[in-house]
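Reader: I have a model open and would like to learn how to read it. Please take me through a few features, one at a time.

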Amino acid sequence: MVGFIVYSSFITKVKVENEHCGKDKSSYFIEPLCTGCARRLLAPAICTKIRHLKASQHTASNNFMSAMSTWDKFKWNLGLTGRLSVSKQKLISSGVKLYICCSDFIDFSEFVRVVKLPDTFTAWFLLVNLHLWMVNVKVSQMGKEGELMKTNMYKAMWNDVERRLNTFKDMTGREKRKSLENYYSDMISSILYYDEGLIGSDKDLANSLWVQLFCMEPNIHVDQLEIMVEYVRKQVYHHDQLDPDLIMKTGYVSFLPLLGEKLNLQKAEQDFKKLCEI
């Protein structure tokens, strides 16, 4: 937590614990489920059952694979998924559609305007990555069906990122490959940071967002972080209420607006229709 320590002079101004903008929103604190016993956990390794003590089993976005045996992982990597509640092809399609929800249905320009994200490709990638992680928190609690969707959601992301990079004619092939390597590192580190932030306090989540989304911008204002902390908390809570069966069958997840707490039903309906046409 070096970033937090260095930047604690203003991070401490962020409202913490169960308070956002003067309102009690403790319901936004959604703890991950233990894959082994389905208990909600307040922190890693807090489960008292001996076989569940490994902290890796209690991360917010990596429940399924961490609970598998070595033999089960070997079979899974061979494509032997066993019986699924939804067909494999449908889950693959839903995974791709989940990526579309995170990339095409999010208004990047609003984040540029409201929280002052730079209008760059990297900032777009980091924002999409944040939304993928929030969806990941949900689908990672959906067993092997969720794991299949997650895998194909991230595959769709890398295919799209590579396609977009190829449109930059002023970049050499070597520069594009280096960018992909950097983006992959960003994705891995962001999962670790965001998992820790989600399980922890608002200060922890603010630190994670400052490091991963805002790239440790020294001149960031506390209001920018406060908006994003509330945004993440309310999205995870919102996704926790969604029917997992519908997600598996349709590949659609909605997102609450950046400012405000009510879902824009008209936009959600329009997005769903667009997704059905794909």
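**A loop residue, then the helices**

Author: Start with Cys215, which sits in the loop between helix 10 and helix 11. Helices here are DSSP runs of H or I with at least four residues, numbered from the N terminus. The model is predicted: local features need pLDDT of at least 70 and side-chain atom pairs pLDDT 80 or more, while totals for chains, interfaces and linings use all residues. Residues are numbered from 1 along each chain as its sequence is written, and side-chain values use heavy atoms, without hydrogens and water.

Reader: What is the phi of Cys215?

Author: Most residues other than glycine have a negative phi. Cys215 is not a glycine, yet its phi is positive, about 50°. Lys116 is also not a glycine and has a positive phi of about 65°; Lys116 lies in the loop between helix 6 (108-114) and helix 7.

Reader: Is Lys116 buried or exposed?

Author: Buried means under 20% relative accessible area, exposed over 50%, and partly exposed in between, with a 1.4 Å probe and protein chains only. Lys116 has 55%, so it is exposed. Cys215, at 48%, counts as partly exposed.

Reader: How do the axes of helix 10 and helix 11 cross?

Author: Axes are lines fitted to C-alpha atoms over the stretch in contact, and angles run from 0 to 180 degrees between N-to-C directions. The axes of helix 10 (residues 202-212) and helix 11 (residues 222-240) come within 9 Å, crossing at roughly 110°. Helix 10 is therefore roughly perpendicular to helix 11; that term covers 65 to 115 degrees.

Reader: Which residues make the contact?

Author: Contact means heavy atoms within 4.5 Å. Helix 10 contributes Asp202, Leu205, Ala206, Leu209 and Trp210, and helix 11 contributes Leu225, Met228, Val229, Val232 and Arg233.

Reader: Which residues of the largest nonpolar core touch the most other members?

Author: A nonpolar core is a set of buried Ala, Val, Leu, Ile, Met, Phe, Trp, Tyr and Cys residues joined through side-chain atoms within 4.5 Å. The largest one has 66 residues, and Leu209, Leu213 and Met228 touch the most other members. Helix 7 gives the largest share of this core, 14 residues. Leaving out residues up to four places away in sequence, Leu209 touches Leu130, Tyr194, Phe214, Leu225, Met228, Val229 and Val232.

Reader: Against which helices do the buried residues of helix 9 pack?

Author: They pack against helix 7 (121-139), helix 8 (143-165), helix 10 and helix 11. The buried residues of helix 9 include Tyr183, Met187 and Tyr194.

Notes: Helix = DSSP H or I, 4+ residues; strand = E, 2+ residues; numbered from the N terminus. Parallel < 35°, antiparallel > 145°, perpendicular 65-115°, else oblique.
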